[in-house]
Every structure is written in structure tokens, then in C-alpha cells.
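Here is a short tour of one protein model, written for someone who would rather look than compute. Keep the viewer open as you read.

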Amino acid sequence: MPSKRRRISAFVKILLSLTLACGVIVAGAYYVLTTIEPIDTEPEVEPGCRLQLSDGKYDMEVAQAVNAATIGGVAFSRDLPQEAVTVAYATVWQESTFYNLEYGDRDSLGLFQQRPSQEWGEPDQILDPVSSSASFYDELAEVDGWRELPVYEAAQAVQRSADGFAYDQHEGLSKRMTEVFTGTRGPAVTCWYDAEGVDEIRDAASDTEAAHTEMARVFGTDPTALPEVRGPETGDLGWAMAIWAVTHADEYGLSTVTYGDQRWHATDGGPGTAAWTTVADTEGRLLLK
């Protein structure tokens, strides 16, 4: 039978081993805590745009919102009703989901997947959202009684696609988007960027002159003519222009867009911090900075 002293000696050895092991673990933990960068649990903000539709919020990528604003804007230049924008949106949802594609079935290109071989224009014209939208609206206006047709039938009369009924599934969302991008719902679009994107906007000099020139090409009206110019039946021209400017803020380095008594700021904090705020009334003028 082992002596009492030997039993105590073995216990001491075990105790010393456990103490040493704990010391190693504690030291290792201290090293990890003091030398390794903590993991950032906050997800990075992804650039985007949020639409305040009549039935709730709807998010789009910035590129999609840019094209939606331009398609809606071109309808103003043609003095077309909102129904025309709805037909255009339903078409674009089906054809390209609002991305200006440089490829497609056979020689189809762009937002509407128009084909040079079917006399829609040269590739560079089709890939210009303003030109392709104008071509679509001009063809739609030639369709007898298009305003009385279901949206999918009006779209198919222009597109002549393999499955014209496919446009029908996009009618509801397209109608609600039309209210937003034609300015009917006021400041119903906001966009935000990541930190790098906002830094670039703030560091670059805003090119308001180029923005005004492009808006005149899109809407057929110089934005500096507001509020004297009267808008067409498409919608609220001033708000449609303001929304267009917000969606194009990154392209033209716009840090603020102000219309009426509302102002939008370019931020990297997501849709909440990018909301419109109330300021002194501009009396119907659109101010870009």
C-alpha cells in the first residue's frame, strides 16, 4: 500500500500540472486578446436605393434606380401619361430587370433588349438609356388604342417577343413604381452609398452643369426653368427631376439635392440616415450641390 507521503507527492504533481496548464491557457488568451484585431460584427453598408411605394418600401440597386429614373424622365419629354411609364417598366422588368445589358438573345441589347437587326438603332444608341427609352415610347405611341389595352398587350405590341404574356406579372409593381419616379409621391426615393462612395462624392467637385445638361436631355426641359415651366401630364416634373438627381448623385458628385422644402444628403449610413429632411423652402426651384 503506497505511503501517505507518496500519495501527497502525487497530488502535488497533479496540482502543479493543472496550474501550469491553466497558466498556459490564460497566457494564450491574453495574447489573443491583446494582439489580434477584434472581428467587426457590424456589416458593411451596401449602396442602394429605397422606394416608398403606396403599399410599403421597396429596395433597388443604385444602377437599377438610375435606369428607372431615366426611363420615367423620358416620358416627360414625350408628354406621355403615366400609363406609358407603367408599360415601359413592365417591359424592362421582364427584359433586363433594369440593368443596361450589353448582351442578350441573338443581337438584343440594353434595357429593352432591342435588336439592331430589327431597326431599333445602332448598338451605341440602344445602349443609351435615353435613346432606347425614347424609341420604345415612340413605338408605343404608334399602337392604336394602347391606353385601353392591358399592360402586357401594349408591351407586346411594341416588343413582339416570344411570350408577350410574361409582361403581365410585372404590372402591379410597375404601376406603383410609376407613381414614385414620375414624382407623384414627392420625396419617395432615397439612395445611400458605402463609405468609399461618399468620400468620393465629397472629395470630387460636383458637376452640376453636366447634371443639368443631362436632365434637359432626359426630360426635354431645362431644370433651371423650374418653377416657371409647367409640367406635362406625366407627373410632377420638379419631383421627378429631384428623384433623378438623387439616383445620379454618385455620377455627378452631388452631395445634396434640394427641392421645395425637402433636402437629401449623400450618406453612408443606410436608408434611415439618407432620408429627406425639411429645410427652408426653395419656392419650387431645384438646387443641386
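## The largest pocket

Sorted by class, the residues lining the largest pocket come out as five nonpolar, seven polar and six charged. Here Ala, Val, Leu, Ile, Met, Phe, Trp, Tyr, Cys and Pro count as nonpolar, Asp, Glu, Lys and Arg as charged, and the others, Gly among them, as polar. The lining has 18 residues, and Glu 95, Ser 108, Gln 159, Ser 161 and Ala 162 are the ones nearest the pocket's centre. The space inside is about 350 Å³.

On a 1 Å grid over the protein atoms alone, a pocket is an open set of points where a 1.4 Å probe fits, with protein on both sides within 12 Å along at least five of seven lines; lining residues have an atom within 4 Å of a point. Grid points are joined across faces, edges and corners, and the volume is the space filled by probe spheres set on the points.

## Ground rules

This is a predicted model, where local features need pLDDT of at least 70 and side-chain atom pairs count only at pLDDT 80 or more, while totals for chains, interfaces and linings use all residues. Residues are numbered from 1 along each chain as its sequence is written, and side-chain values use heavy atoms, with hydrogens and water left out.

## The whole protein

The protein has 11 helices and seven strands (DSSP runs numbered from the N terminus: H or I of at least four residues for helices, E of at least two for strands). Of its 289 residues, 43% count as buried; that means under 20% relative accessible area, with exposed over 50% and partly exposed in between (1.4 Å probe, protein chains only).

Take the contacts (heavy atoms within 4.5 Å) between residues at least 6 apart in sequence: 63% of them join residues at least 24 apart.

What sits in the largest nonpolar core, and which members touch the most others? It holds 76 residues, and Tyr 137, Met 177, Phe 181 and Val 257 touch the most other members. A nonpolar core is a set of buried Ala, Val, Leu, Ile, Met, Phe, Trp, Tyr and Cys residues joined through side-chain atoms within 4.5 Å.

Met 177 and Phe 181 are also among the buried residues of helix α7 (residues 171–181), as are Leu 173 and Val 180. Leaving aside neighbours within four places in sequence, Phe 181 contacts residues including Leu 51, Met 60, Tyr 89, Val 189 and Ile 243. After α7 comes Gly 183, with a positive phi near 85°.

## Helix α3

Val 87 lies in helix α3 and is buried, at a relative accessible area of 3%. Beyond its neighbours within four places in sequence, Val 87 is in contact with Phe 136, Leu 140, Val 151, Ala 154 and Ala 155.

## Loops worth a look

Asp 79 is in the loop between α2 (62–77) and α3 and is partly exposed, at 42% relative accessible area. Glu 119 is in the loop between α3 and α4 and is exposed, at 77%.

Gly 121 lies in the loop between α3 (82–95) and α4 (123–126) and is partly exposed, at 22%. For a cis peptide bond, go to Leu 226 and Pro 227, where omega is near 0°. Pro 227 is in the loop between α9 (208–219) and α10 (237–247).
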